[in-house]
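This briefing covers local features of one protein structure, grouped by topic. The sequence and structure come first, and the notes follow.

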Amino acid sequence: MTKLYLLVRRCLTVALIFGTLTSFAQQTVTGKVTAADDGSGIPGVNVLEKGTTNGTVSDTEGNFRISVGANATLVFSFVGYASQEVAVGGQSVVNVSLQSDVTALSEVVVVGYGSQDKKEITGSVVSLSSEQFNRGNVNDPRQLLQGKVPGLSIYNRGGNPNSSATFRLRGISTIGSNSQPLIVIDGVLGASLDNVDPNDIESINVLKDGSAAAIYGSRGSAGVILVTTKRGKSGKATVDYNGYVAADQVARRQPVMTGSEYVAAGGNDLGAVTDWQDEVTQTGVSNVHNIAIASGTQTTSFRASVNYRSVNGILRKSGFDQVNLRANISHTALNNKLKLDFGISSTDRKSDFSFNEALRYAVLFNPTAPIRFENGDFYQAILFDNFNPVAILEQNINEGKRKTINYNARVDYSLTDNFTLTANFARQFENNFNGAYFSKNSFFVGLNRKGLARRFTSESDFTLFEGWGTYQKEFGKLNFDLTAGYSFQQDNYEEIFIEAGGFQNDRLGYNQIEQAADFAPGGNRPNINSTQNPDNRIIAFFGRLNMTFDKGIYFNASVRREGSTKLGENNQWGVFPAFGLGIDISKYVSIPNVDALKFRAGFGITGSLPTQSGLAQDLYTFDRYNQTALNFARNANPDLKWEQKEETNIGLDFTIAGKLSGSADFFIRNINDFILERVVDQAVFVSGRRFENVGALQSKGFELALNYNAINLGQIKWNPGIVLSTNSTELTEYFNTRFVTGNFGSPGQNDTPFNIVEVGQKLGTIWGPVFERVQPDGVNGKVVFKDLNGDGLIKGDASQALLPDADFKELGKAFPTVELGWTNQMNFKNWDVNVFFRGAFGHSLINQFRGFYEPIDPGAIKSYNRIKTDKAVDGLTEAKFSSLYVEKADFLKLDNITLGYTVKLPNSNSFRNIRLYTTVQNAFVITKYTGIDPEPVFGDTEDNNNPLITGVDRRSTYFFARTFTLGVNVGF
C-alpha cells in the first residue's frame, strides 16, 4: 500500500507540474489577414487574444505576429468587415479571410453629448480619422481638414506661420456675428484649437447642418467641429516618436522689373543691383518632434505627450517656437458602472511676427538702390510710402508670447443598465503678450516719434459645467435614446494697450516704455486703451431624442433653450429646435448592386452671438487729450436678440457593389436678424447710433463626396476619393438696399469702392468701370472707361458708382462656384503614396499690386519699381481701379504628395513599427492669376475681415511657399 501511495503521489505531482507548465506555455502565431472579395492583404486589422488584453495589428500587407497562451482563440476585427474568431489549437500559422460587412461600415461617430452609429445619423455629419488627415508640415489643426470636407472652406493665403487659417462652413453664415464654427475638444465647448497639437488628434467630426448642430444652440450657426484627442488603451505600454524637418521656399514672387529694365523705363539709377524680394525672404527650416507614452490595464488607461515645434517662415524673422504638453487618464470602477476621465493640456508659444510690410516694399523699392550706405547706415530716400524693406526687418521688433492651459474632468455613472448620468467640468486660461518697437532711426514708423514702443497684454478664461442624463431602451423593433441636460459657461476677458514714443536710445526696445517722453509733462500723451468685459454667461437646458424603428427608420429631435448676458435684457433667451428623419431604403427595396442606400432629411434652428460684449448697453467714450469731455457714443438696446439661422438639409448616403461609397447633400439656409451697429434717429436716440437686429441672407448649396475602395493595378492598390461643393449667398433684406463698399487704398485711390451690395443679389460681387483704352498721345496716358449704356457720357468715377446711368458693371465674383478636393491613396508592398489635389473655380481676385504699380507713371517710375505682367497696357500711366485689374483666379493645386516606406519588423522585440516618409506641399499650382496666391478672399484683412468686402488681394499678402518635409514615425 505504501508503494502504491508513493506511485500515485508521484503521478499526481508530475501531472500537476505538466498541467501548470502547460497552462503557462506560450506559442508564437503568425499569419496574414486578407479580404475575401479580392484576396488583398488588409492593413490595420485588430488581432486580439480573446479574454485578454493581449493584441496586435496587421501591417501594410495584412501580416501579423502574436504570442498567445495554449488553447487561445484569436479575434480579428476591422471596420467594414465582419469580425471572425479562430481557435489556435496547435497551429503556428493562422491565415484569415474576412468577409465584407456593409452593416459594419456604420461605425460609431461622436455627435453632441454622445455618439451614434453612423447609419443612424439623420443630419449632415462628416467624420475623419487621423489616417485621412492632410500630411506634412501642418502646424495648424485647421489645415488637417483642408479640402477634405465638402462645404468646408479653409484658406491660409500665403502661409504665414503666425496666422490661423480662415474657416467658412457652407459659405457666409453671418454679417455681424461670429463667423467661425464652434470648436468642441473632448466635449469641452469653446476650447482653444490652438492648444491642441495636430499629432495628438485622433479624429475630427464636422456637424454641417442645422439639425446636427442645433443641440449646441447659439454657437452652432456657423457649424460645429468636434475634436477627439488620442487616449491610452489597455495593454502593454507603448512609446511613439514622430518627428520631421521641413524647409519652406518661396514658390511665387511678384513679377517686377529688373534693375536694367527699371532704368530703361525711366527709373533713377542708384548704381546697385538689389533683388529686394530675395533680401527679405529665406528658406524657412522647421523642426517638429512629438513623443507620446500610453498604457493601460483593464480599469485604468493613460496617455501623455510632449510636442515641440520650431517653425520658421519664408519672411525673415517670422516664425515661432512652441511646446505643448497633453495628458489624460481614464479609470473605471464599481464593476464598470463608474467611469472617470481627466485631461490637461498646456501650450507655451513664442512668436516672431516680423513685418508683412517688408514684402510689400520689397516689390516696389528701387532695384538699383543699395541696402546700406558706405558708412553702414541703411539706405533710405525721403519718399511717400516707400521704405527700405531690409531696414524694416533689421531695425524694428515685433514679437509675442501666448500661454494657454486647460483641464477638464468628466464623470459617467450608470445607475442602471439603461440610465447613465454624466457631469463635465472644464476651465481654460489664456494669456497673450505682444510687444513692438520701432527704432528712433527707422523711417518706417519710428523716426517721426523718436522711437515708438507698443505693449499689448490680454487675459481670458472660461469655466464650463455641464450635466446630462441618457436613457436607452428597446421595445421590440423600437429602440430609443433620450438625453436631457443643463449647461453653464462663463467667460471673462481683459486687455490693455500702451503706445508711447520719444526715447533716448533703442537698447531696451519696448521694455523701456515707461521712459518715453510722451509720459513727461507737456508730452504728446501716450495712447492707452484698456478693456474689461463683464461676466459673459450662457445658460442652457437641452434635450434630444433618437429613435430607431426596425433597424431601418431613424428619427432625431432636439431642443435647446439658451440665455446669454450679451443680449438685451428683454430678449436674452432663445429656443433652438431641430428634427431629422432617415430611412434605410436598401433594407426595404432591393436594388441590384446597391449595398446601402439611406435617405435623410433634417431641419434645425441655430443662433449666433456677437464676439464683443456690452453691445446692448450704453457706451461712453472720452478723448485722451481732453479727459473731462465725456462722449455718449452709443445708445442701449434692451430688445437686442439672437441672430437666427434656419436650415433644411436633404441627403443620400450610399454604397454600391461594395466598392463605391459616398454622400450627397442639398441645403437651404435662411439667416435673420444680424447684430449690426447702425445710424438711428437722434431725436429718439441721443447718440445717433445703436446696435439693432437687421437684415437677412439666404444660402443654397450642393455637396458631394465619393470614395472608391481598392482599385487593384497588379500589386498596387489605389483608393481614390473626391469631394466637391458649390454654394451661393443672396442678401434678402437689409436696412440699405443698395450700396458700394471697400476702399482700394493709398496712394490716390482711398475713396475707390470695389464691391456692390444689393438686396436681391448675391454677395461677393466685384463692381467697377470697364477699361477700354488709353487716351491718345499728348494726354499723358490717362484711362478711358467704356461707355456701357451708349449714352455718350462716361460715368466711371468712384463717386458715380450708384447712379442709375453709371458706367459700372459686375467685374467678377469673389467666391468660388465650385471647390474641389481629390485624394489618391496608393499602396505597393511596404510603400504608400498619398497624392492630394485641391482646387477652386469661378472666382476672381483684384490684383492690388497691379492696380497701383503696373502703369508706368513718368514721375513715380523714378523712385518706385513696377509690376511686370503680360496684362500690362502700353502707354498707360494712370493708376486707377477698373476691370483691367480683376483677374480670373481659378486654380488647381497639387496640395500634398507623400511617399512613405514601412520597415518590416517580424522578429523585433523593441520596435512595433518604423515608417519613413517625405512630403511636398504646394508642389505646383495651375492658374492664370498673376499675383501671389489665387486662393479666394472671403473678407477684407484691412477691415476686420468684413464679409461684405471681398475679392481683393491686398499688398500685405504673405508670399506663397512650397514645403519639403522628411520625417519618421517610430513605435516602441
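In the lining of the second largest cavity, β11 gives the most, with 4 residues. This is a predicted model, in which local features need pLDDT of at least 70 and side-chain atom pairs count only at pLDDT 80 or more, while totals for chains, interfaces and linings use all residues. Residues are numbered from 1 along each chain as its sequence is written, and side-chain values use heavy atoms, with hydrogens and water left out.

**Cavities**

- Rolling a probe the size of a water molecule over the atoms shows where empty space is left.
- A cavity is a set of points, on a 1 Å grid over the protein atoms alone, where a 1.4 Å probe fits but cannot get out; lining residues have an atom within 4 Å of a point.
- Grid points are joined across faces, edges and corners, and a volume is the space filled by probe spheres set on the points.
- The whole structure holds 5 cavities of 30 Å³ or more.
- The volume of the largest cavity is about 150 Å³. It is lined by 15 residues, and Val111, Gln116, Ser211, Ala212 and Asn556 are the closest to its centre.
- At least two lining residues of the largest cavity come from each of α2 (210–213) and β28 (553–564); helices (H or I, at least four residues) and strands (E, at least two) are DSSP runs, numbered from the N terminus.
- The lining of the largest cavity has 6 nonpolar, 7 polar and 2 charged residues. Here Ala, Val, Leu, Ile, Met, Phe, Trp, Tyr, Cys and Pro count as nonpolar, Asp, Glu, Lys and Arg as charged, and the others, Gly among them, as polar.
- The second largest cavity holds about 120 Å³ of space. Of its 17 lining residues, Gly147, Leu152, Ser153, Glu819 and Leu820 lie nearest the centre.
- β11 (152–155), β37 (716–733), β44 and β45 each give at least two residues to the lining of the second largest cavity, which divides into 8 nonpolar, 7 polar and 2 charged.

**Aromatic rings**

- Rings of Phe, Tyr and Trp (its six-membered ring) pair if their centres lie within 6.5 Å; planes under 30 degrees apart count as stacked, over 60 as edge-to-face and the rest as tilted.
- There are 36 aromatic pairs in the whole structure. In one of them, the ring centres of Phe849 and Tyr853 are 6.1 Å apart and the planes are at 45 degrees, so the pair is tilted.
- Both residues belong to helix α8 (residues 848–853), where Phe849 and Tyr853 are 4 residues apart, about one turn of the helix.
- Phe849 is buried (under 20% relative accessible area, with exposed over 50% and partly exposed in between; 1.4 Å probe, protein chains only), at 3% relative accessibility. Tyr853 is also buried, at 4%.
- One aromatic cluster is made up of Phe744, Phe754, Phe849, Phe852, Tyr853 and Phe881.

**Charges over rings**

- A charge sits over a ring if NZ of Lys or CZ of Arg is within 6 Å of the ring centre and within 35 degrees of the ring normal.
- Arg955 has its charged end over the ring of Phe852, 4.0 Å from the centre.
- Arg349 has its charged end over the ring of Phe320, 3.5 Å from the centre.

**Backbone**

- Most residues other than glycine have a negative phi, and most peptide bonds are trans.
- The peptide bond from Ser746 to Pro747 is cis, with omega near 10 degrees. Pro747 lies in the loop between β38 (738–741) and β39 (755–758).
- Lys829, not a glycine, has a positive phi of about 50 degrees. Lys829 is in the loop between β44 (818–828) and β45 (831–841) and is partly exposed, at 42%.

Terms used
1 Å grid on protein atoms, 1.4 Å probe; cavity = no way out; pocket = protein on both sides within 12 Å on 5 of 7 lines; lining within 4 Å.
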